[in-house]
Amino acid sequence: MASKQEFLAELPIFADLSESALEAVAQITSEYAFQRTDDKEAVIAYQRDVANGLYIVKEGRLYGRVMDNSGKIVLDRPETRAYAPGEYFNDLWLFVPTPHPATVKGSSSEGRVLVIDGPAFVRLLEAYPAVIDDLAPRDEDGVRYGLSDAGWAEAQKLKLRGRVRVSSA
């Protein structure tokens, strides 16, 4: 089984990070095991709970289902979908806490999920702003590297905020 750092290095979102930056991200990443027992699915996140980190499937499979107010599954929403190893949900949550749009459960008998804490990730970027540039979004051969456009916009705000910090005295 790959270490957290090795696994993160394989993900397109972190492909351009240096070894030391990957090590720093791995240190603020928690790893959780999930297991399906007696036909009870492991719940990773509940719809409407606040998300403030990046959830990444390391092993196993997850699925997200959006429920309407009467408890029926809404199939025509993009959040109603399956997640395979290496896939993650919403990097914007690293910067802006937002309610989960779907309940996410384990669909395989067992697996592992990595969670990068959003506030810790922001502190890391504030301490090492050069890392922000290594998260720049780009598309190459049909693969999206770096942050989403929304995540990138939030990362740029951190960079700008760091430059504006001056004393008013």
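Thr29 is placed in strand β1, which spans residues 29-35; helices (H or I, at least four residues) and strands (E, at least two) are DSSP runs numbered from the N terminus. The model is predicted, with local features requiring pLDDT of at least 70 and side-chain atom pairs pLDDT 80 or more, while totals for chains, interfaces and linings use all residues. Residues are numbered from 1 along each chain as its sequence is written, and side-chain values use heavy atoms, without hydrogens and water.

Thr29 counts as buried because its relative accessibility is 3%, buried being under 20% relative accessible area (1.4 Å probe, protein chains only). Beyond neighbours within four places in sequence, Thr29 is in contact (heavy atoms within 4.5 Å) with Lys4, Leu8, Leu114, Val115 and Ile116.

A nonpolar core is a set of buried Ala, Val, Leu, Ile, Met, Phe, Trp, Tyr and Cys residues joined through side-chain atoms within 4.5 Å. The largest such core has 26 residues, of which Leu8, Phe14, Ile56, Phe95, Ile116, Phe121 and Leu125 touch the most other members. Two or more residues each come from α1 (4-9), α2 (19-27), β4 (53-59), β11 (110-117), α3 (118-127), α4 (130-133) and α5 (149-164). Another core, of twelve residues, lies apart from it and includes Phe34, Ala42, Phe89 and Val115.

The largest pocket has a volume of about 190 Å³. A pocket is an open set of points on a 1 Å grid over the protein atoms alone, where a 1.4 Å probe fits, with protein on both sides within 12 Å along at least five of seven lines; its volume is the space filled by probe spheres set on the points, which are joined across faces, edges and corners. Among the lining residues (an atom within 4 Å of a point) are Arg81, Glu87, Tyr88 and Arg144.

Methods: Buried means under 20% relative accessible area, exposed over 50%, partly exposed in between (1.4 Å probe, protein chains only).
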